[in-house]
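Please look through the sequence and the structure below before reading on.

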Amino acid sequence: MAMPDAISFLLNGELRRIERPAPERTVLDHLRLVERRTGTKEGCAEGDCGACTVVLGERSGDAVSYRAVNSCILFTTELDGKLLLTVEGLRDADGGLHPAQRALVEHHGSQCGYCTPGFVMTLFALHHAPEMTDEDSIHQALSGNLCRCTGYRPILAAARSVAGVGDDRFARMARELLGRLDGLRRAPGMATVIDGEYGRYDAPESLAALDRLLTAHPGAHLLAGGTDLGLLVTKQHRALGHVISLNRIPELSRIEASADALIVGAAANYTDILPRLENDWPSFAALIRRLGSWQIRNLGTMGGNVANASPIGDSPPALLALGAEAIIRSAGGERVLPLERFFLAYRRTALDAGEYLRALRIPRPAAGDFFRTYKVSKRFEQDISAVCGAFFLRFDDAGRVTLARIAYGGMAATPKRAVGAEAALAGRRFDAAAVDAAIAALADDFTPIDDFRASATYRRHVAGNLLRRALMERTAPETPTGVLAL
Amino acid sequence: MNDMPKGGVRQALRHDSAVKHVTGEAQYIDDMPELPGTLHAWLATSTKAHARILRMDLSAALALPGVAAIVTARDIPGRNDIAPILKGEPVLADGVVEHVGHPFAAVAAETMETARRAASLIEVEYEELPPILSIEQAIAEQAFVSRVLTMQRGDWREGLRQARHRRTGQLEIGGQDHFYLESQVALAIPQEDGDMLVHSSTQHPTEVQHGVATLLGLANNAVTVECRRMGGGFGGKESQATIIAGIAALLARRSSRPVKLRLVRDDDMIVTGKRHDFLIRYEVGFDDEGRIEAIDMELAARCGNVADLSPAVLTRALCHMDNCYFLPAVRARGLPCRTNTVSNTAFRGFGGPQGMLAIEAVIGTIAHALGRPADQVRAANYYGGAGRDVTPYGQRIRDNLIPRITREIAAQADYERRRREIDAFNATSPVIRKGLALFPLKFGISFNLPTLNQAGALVHVYTDGSVHLNHGGTEMGQGLFTKVAQVVAEVFRIDIDHIKVSAASTAKVPNTSATAASSGSDLNGMAAMQAAQTIKNRMISFAAEHFGVLPEQVEFAANRIIVGNRTLAFGELAHLAWANRISLSATGFYRTPEIHFDLERMQGEPFYYFTYGACVAEAAIDTLTGESRILRADILQDCGSSLNPAIDMGQIEGGFVQGMGWLTCEELVWDATGALRTHAPSTYKIPVSRDLPPVFNVRILEDAPNRAATVFRSKGIGEPPLMLAIATWLAIRDAVASVGGHRHAPPLDAPATPERILMAVEALRKGAG
């Protein structure tokens with residue numbers, strides 16, 4: 001079997017081929033150090049400031065989809081077969097500015113200019129996002145771009161003027177671009193294997209191939225969105241050694257709805273997952289829209305959020321409360337584990353050597369089920385929770401709680417169910433007295449810690465108060481709770 | 001023919017680099033093409049807050065392939081001192097490290113990654129010494145980086161004794177990281193004769209020049225420092241840029257190769273200083289109306305391990321603890337606390353914000369003590385009227401805009417009606433509470449130290465009529481280059497496109513002051529105007545003589561000169577003047593008139609004028625979580641006669657949001673070992689677009705030319721708007737106070753994070769219950 005050891009992509013339309021790329025070489029470093037295209041900036045090297053934002057184009061049906069991503073934590077290997085657009089590539093042949101560029105100039109949207117290329121690229125992606133023209137969507141789109149000079153007002157004005165317009169020269173040359181992207185496609189079976197002096201990289205194309213690889217190399221790093229793995233490289237300066245990309249296995253990116261559950265492939269990213277959550281769990285969707293930034297959601301995966309078992313991941317509390325299960329796979333077959341048995345200790349999971357998370361199974365709600373999840377952080381957008389709470393309640397006809405699943409992040413070494421609080425609610429009406437009892441029980445459920453995000457006292461206090469918020473939203477839905485909706 | 005040249009003063013021109021910004025063509029130092037052999041540097045920094053270095057072993061680091069040079073304090077050819085005000089502040093720790101992140105060595109290598117690895121291979125043996133990690137501890141140990149400052153007027157002791165009401169209070173005010181998007185960077189390139197050329201991202205090329213010369217043991221004329229643009233400064237690249245440039249130059253000298261030092265974000269936040277956090281304590285005496293009769297205030301600032309600019313920051317804090325209020329008898333003491341944390345430095349407002357927030361806390365204390373609205377207490381204390389127009393430092397206020405601005409902002413924001421609506425809302429809302437505040441500000445413009453209020457410029461007119469402009473100011477995004485070019489366009493009456501502004505360079509305009517203190521366009525605009533006027537006068541004299549008319553008959557119209565009944569293009573006259581051997585190059589120089597200040601006595605008239613502004617902010621808080629949001633802000637800001645309303649608007653909006661970050665979501669957290677735990681955007685949260693108030697009405701005060709004879713009667717605007725955000729903190733505090741029925745002062749410090757808000761709410765609930 002042929003095993004190519006190079007990747008190919010289009011850089012602003014020009015064909016590029018990288019022979020034996022180091023698995024941990026970031027796109028940003030490649031652009032700045034190898035290509036010497038210095039328009040794209042490094043502001044933080046952790047995907048939090050957006051100065052490095054570039055756009056990835058790929059085929060989506062009969063169109064090219066454009067997504068803003070952070071080049072500082074994206075590895076060059078993941079460019080394979082894609083169109084990479086940078087700030088240098090947007091002008092017309094005659095030098096005319098792209099609408100996103102023109103809008104920023106006309107609205108006085110740049111001062112020092114260092115964040116500007118990142119904003120330009122986000123606005124370019126927004127230009128090509130027809131569904132994102134309302135004010136809330138525009139804030140979501142800008143959530144991953146920091147500007148320290150303008151105060152955002154002129155940038156928002158520019159963003160509003162281009163959102164969803166989608167009539168630029170890239171739209172006009174979509175057919176040509178699709179053709180060129182198709183030309184980069186590998187023949188089936190051409191799994192990428194790069195074994196160079198800097199390490200090894202595999203991009204298998206089937207679950208079976210992945211099973212075999214993991215059996216042989218159980219210590220390899222699995223790469224899906226890479227929004228966490230990238231930090232090992234840029235912040236901890238770790239050599240990854242061996243990376244196995246999950247991004248060329250169609251099954252892993254699939255999101256399937258059955259009558260009773262949503263099955264989310266472990267490598268499906270948040271942007272693709274979001275529309276599938278809106279109907280059944282609007283509160284979960286609202287939380288995911290505050291997870292990371294637009295750029296992070298375009299790459300980051302719920303599977304990764306679960307598998308890295310951080311105590312402060314945003315999706316695990318909701319998944320725990322919803323009764324989600326982990327579908328675990330290895331060469332030996334599959335097993336299904338309730339999520340509360342998946343998280344063993346701080347960043348330790350029930351995955352054995354050679355096993356991987358294949359998908360998450362999220363049961364769909366029954367009529368009358370009540371579900372809320374809330375996140376509390378210093379900033380609404382792109383921040384990590386001080387406390388994240390999730391509350392699932394099922395009632396009998398008399399209004400008594402027949403099933404309570406309550407889970408928190410930020411309160412323990414793992415995302416964790418509040419079994420005492422759940423027991424305090426079971427069999428009772430969901431009222432102030434029951435909530436007081438549940439809050440009292442939380443004191444035994446959790447022993448949170450002080451850190452730079454919040455004190456233990458605050459965490460304890462807020463954990464209880466989030467349950468009070470859930471009660472208000474259940475019993476007095478007209479009363480405003482939360483300042484974000486104001 | 002339109003007789004307005006394109007780009008004179010008052011026009012809302014876009015930033016001169018706007019197109020380059022959006023296309024990625026604007027070059028920052030890290031983007032400059034590298035010369036062959038360029039090395040990349042990394043710092044080795046202390047992991048201890050305070051320790052003696054017993055042993056340092058460089059051998060493993062030097063042995064790493066690709067390492068070209070390592071420098072420590074011992075390898076400095078000149079003097080290891082980069083102090084901007086005092087003396088004895090080493091760029092590399094010499095024997096003792098004084099904060100976590102204190103650089104003690106630096107490596108230059110073929111790649112940044114190799115330099116980083118080498119730095120991590122430097123072995124250090126520490127003997128730990130007891131650290132001072134808090135302001136309280138520094139006060140207890142009387143550990144100060146410079147002398148305690150005292151500003152006094154009247155018999156404050158007697159005033160306090162006789163006042164009908166007395167209250168004491170305390171306020172903690174958090175610091176702030178600059179978070180300029182471009183982290184600190186310098187590129188040092190050795191020249192012949194041992195000279196050094198340094199490209200530095202700095203607001204103060206002259207100070208970098210002096211620092212590099214001192215470190216290398218060179219005369220100032222052997223060091224040239226250049227800066228075309230910074231990716232943001234905000235004060236962080238004033239004195240602190242010398243650390244980066246100085247170390248790059250030391251490595252370049254040692255390796256005889258170009259060396260670039262760019263701090264990665266975490267190192268930038270750990271190694272360089274920030275806005276000072278303050279601990280404020282006060283005792284205030286007042287009458288039944290809330291009128292302040294006497295006040296004694298202590299403003300203690302965390303300065304870090306050395307003085308840096310801290311004495312000047314404290315001076316400005318003392319000169320702004322009055323804000324808009326007349327204080328008949330006052331003692332204000334500024335304590336420059338020495339701590340084993342990074343040395344804090346200039347940051348937009350330069351102590352002014354902390355001083356103003358302090359007096360606003362006092363106003364709140366008085367209001368709660370008397371059960372009167374804070375607005376009434378403010379009004380009772382505003383400057384104005386006979387005998388109530390002199391600041392505690394002895395400056396008479398001649399340009400008082402407080403009555404006008406407060407009146408206009410109240411109308412613009414519909415303040416009274418909304419006050420009633422919010423009170424009604426709070427009466428029935430169980431979880432969400434709202435707050436409203438009207439905050440006026442007065443900010444003194446000029447460096448406190450009179451010497452610094454000078455600037456130079458250099459203007460050339462070429463024979464085709466194109467103009468080269470250079471001045472001592474630096475461009476950090478604030479649009480200074482655009483504004484100064486507009487001034488020159490106005491003088492010559494030519495389109496701004498004919499004017500090219502070149503990088504700030506110590507070789508073109510020497511002995512400059514920092515681009516700071518909101519004075520960039522005041523100083524450099526005037527200097528450039530003078531230079532242009534000198535050339536223009538020569539052209540007029542020449543034209544009059546050449547064409548045999550009176551000088552009054554030579555008129556500079558838009559892009560042309562009318563000489564008697566002839567009309568020449570600007571370039572034609574320039575060429576003709578050259579052909580007749582008239583100099584078309586001139587320097588300009590400006591010194592701010594009238595100002596004086598006695599730093600010892602803290603008395604004088606240090607400010608040429610005051611800039612005024614006001615903001616009404618509305619906040620909502622969630623009393624279950626402490627989350628808050630600013631729902632609306634109305635701003636009215638004095639810019640004098642704005643040189644460029646678009647750029648001034650950008651300064652107002654941007655400054656306000658930056659101030660909002662300081663007072664709400666931006667929190668610096670140090671752990672018990674003295675290590676900063678919030679050193680990247682993942683943990684340190686500056687505002688994003690969502691945080692902008694959904695209703696945001698910003699206006700520039702109209703028909704308000706500066707009373708002082710500034711450049712085209714404009715006013716400095718860089719810093720004042722940041723302090724408008726104090727309104728947001730006051731609005732949040734007002735919302736918190738509603739929980740206790742406005743009967744108790746909420747124990748709310750800054751920044752008002754969700755945690756602080758919730759804890760203040762809980763304290764009021766307990767106190768009220």
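## Chain B as a whole

In this predicted model, the secondary structure of chain B consists of 20 helices and 29 strands. The C-alpha trace of chain B spans about 85 × 75 × 50 Å when it is followed along its principal axes.

The radius of gyration of chain B is 27 Å, and this agrees with the value near 27 Å that a compact globule of 769 residues would have.

Strand 2 of chain B, which covers residues 51-57, runs antiparallel to strand 6 of chain B, and six bridges join the two. For B:M56, the bridge partner in strand 6 of chain B is B:V124.

## The extent of the contact between the chains

How many residues does each chain bring to the contact? Chain A gives 76 residues and chain B gives 81 residues.

The size of an interface is often expressed as the accessible area that is lost when the parts come together. Between chain A and chain B the buried area is about 6600 Å², and carbon and sulfur atoms give 59% of it. On the side of chain A, the residues that lose the most area to chain B are A:R148, A:K378 and A:F452, which together account for 14% of what that side buries.

## Charged and polar pairs across the interface

Across the interface of chain A and chain B there are 16 salt bridges by the rule used here. One residue that takes part in a salt bridge is A:R148, whose side chain meets that of B:E666 at 2.6 Å, N to O.

## The side of chain A that touches chain B

Several elements of chain A give two or more residues to the side that touches chain B, including helix 2 (99-106), helix 5 (153-162), strand 17 (370-376) and helix 18 (456-475) of chain A. Which element gives the largest share of that side? Helix 18 of chain A does, with nine residues.

Sorted by kind, the residues on the side of chain A that touches chain B are 32 nonpolar, 24 polar and 20 charged.

Note on methods: Residues are numbered from 1 along each chain as its sequence is written. Chains are lettered from A and ligands numbered from 1 in the order in which they are written. This is a predicted model: local features need pLDDT of at least 70, side-chain atom pairs count only at pLDDT 80 or more; totals for chains, interfaces and linings use all residues. Side-chain values use heavy atoms; hydrogens and water are left out. Two strands pair if DSSP finds at least two bridges between them. Helices (H or I, at least four residues) and strands (E, at least two) are DSSP runs, numbered from the N terminus. Contact means heavy atoms within 4.5 Å. Buried area is the accessible area (1.4 Å probe) that two parts lose on being put together, summed over both. A salt bridge is a side-chain nitrogen of Lys or Arg within 4 Å of a carboxyl oxygen of Asp or Glu. Ala, Val, Leu, Ile, Met, Phe, Trp, Tyr, Cys and Pro count as nonpolar, Asp, Glu, Lys and Arg as charged, and the others, Gly among them, as polar. The radius of gyration is taken over C-alpha atoms; the globule rule is 2.2 Å times the number of residues to the power 0.38.
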